[in-house]
Amino acid sequence: TYTDNGNSNNNNFDNQKNTMYYPWKFGTLNIRSGKEKDEGFKLYSIAKEAANANLSFCCIQEVKYLNSGSKVITLDTGDSYVFIWSGQKKRRNAGVGILIKQCKDIKYDDPDVLDARMIALNLEIKGFNIRLVNVYAHTDCDENDSQKDAFYRSLKKACIKQHKHQKILICGDFNATTSV
């Protein structure tokens, strides 16, 4: 606790306090249809909005890209984002992705691509370690209960910390009710 006894400069304390923290923002978005045919415009506009909101990273659901991969999206402002995705091998449905701002303060490992509906990534933002898990859950009308239960068991495994002082952040579209 800080108390001001009249002998110290309160502004100096506030300035020191503010420099100890690094603000970062994140978001999550279900894009409803991210087919690769319109990928150029749609992903560019999403990256542009992420830059306008000053997001460090953004989780995206219903990407609908095939397989898994990554690419860099460079904006006309000079900002660039890495887009990492996980999708199905043959059908264009489901799919998740993560947009990560390219800057010296953000480091990340190779993603853990668990399936077309789940991706996990270890991020370090100015020394703060995060285990980021992005999901797009099965809906009640699409799949049977055993597939939904398997999904949530897989989610539990994805949420295991990889580093000692790591925080878990789970983002996504949770559509289903389940017995797990």
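Which residues form one aromatic cluster? In this predicted model, Trp24, Phe26, Phe57 and Phe128 do so. The legends below take this cluster and other sites in turn.

**Figure 1. Close-up of the aromatic cluster and its tilted pair, tryptophan 24 and phenylalanine 26.** Eight aromatic pairs are found in a search of the whole structure. In the pair shown, the ring centres of tryptophan 24 and phenylalanine 26 are 6.1 Å apart and the ring planes are at 40°, so the pair is classed as tilted. Tryptophan 24 is partly exposed, its relative accessibility being 26%. Phenylalanine 26 is also partly exposed, at 36%. Phe57 and Phe128 complete the cluster.

Figure 2. Tyrosine 65 is buried, with 2% relative accessibility. Tryptophan 85 is likewise buried, with a relative accessible area of 12%.

**Figure 3. Close-up of the largest nonpolar core, which has 18 residues.** Phe57, Ile100, Leu123, Ile130 and Leu132 have the most contacts inside this core. Two or more residues each are given to the core by E2, E4, strand E5 (96-101), E8, E9 and E10. Strand E8 provides the largest share, four residues. Beyond its neighbours within four places in sequence, leucine 123 touches Phe57, Ile100, Ile106, Lys107, Tyr108, Phe128, Asn129, Ile130 and Leu132. Another core, of 17 residues, lies apart from the largest one; Ile46, Ala51, Ile60 and Tyr65 are among its members.

**Figure 4. Close-up of helix H3 (residues 145-158) and the strands that cover its buried residues.** The helix has 14 residues and spans 20 Å from its first C-alpha to its last, close to the 20 Å expected at 1.5 Å a residue. Its buried residues are Lys148, Asp149, Phe151, Tyr152, Leu155 and Ala158. The cover over these buried residues includes strand E7 (112-115), strand E8 (118-125), strand E9 (128-136) and strand E10 (167-173).

**Figure 5. Close-up of the salt bridge between aspartate 76 and lysine 48.** Side chains of opposite charge can pair when their charged atoms come close. A search of the whole structure finds four salt bridges. In the one shown here, N and O are 2.6 Å apart. Aspartate 76 sits in the loop between E3 and E4 and lysine 48 in helix H2 (residues 39-52), so that the pair links distant parts of the chain, 28 residues apart. Aspartate 76 is exposed, at 60% relative accessibility, whereas lysine 48 is partly exposed, at 24%.

**Figure 6. Close-up of two further salt bridges, aspartate 112 with arginine 131 and aspartate 105 with lysine 104.** The side chains of aspartate 112 and arginine 131 meet at 2.8 Å, N to O. Because aspartate 112 lies in strand E7 and arginine 131 in strand E9, this pair ties together parts that are 19 residues apart in sequence. Aspartate 112 is partly exposed, with a relative accessible area of 29%, while arginine 131 is buried, at 3% relative accessibility. In the other bridge, the closest N and O atoms of aspartate 105 and lysine 104 are 3.5 Å apart. Here aspartate 105 is buried, at 19% relative accessibility, and lysine 104 is exposed, with a relative accessible area of 71%.

Notes
Residues numbered from 1 in each chain as written. Predicted model: local features only at pLDDT ≥ 70, side-chain atom pairs only at ≥ 80, totals over all residues. Heavy atoms only, no water. Expected span 1.5 Å × (residues − 1). Buried < 20%, exposed > 50% of the residue type's maximum accessible area, 1.4 Å probe, protein only. Contact = heavy atoms within 4.5 Å. Phe/Tyr/Trp six-rings, centres within 6.5 Å; stacked < 30°, edge-to-face > 60°. Core = buried A, V, L, I, M, F, W, Y, C linked by side-chain atoms within 4.5 Å.
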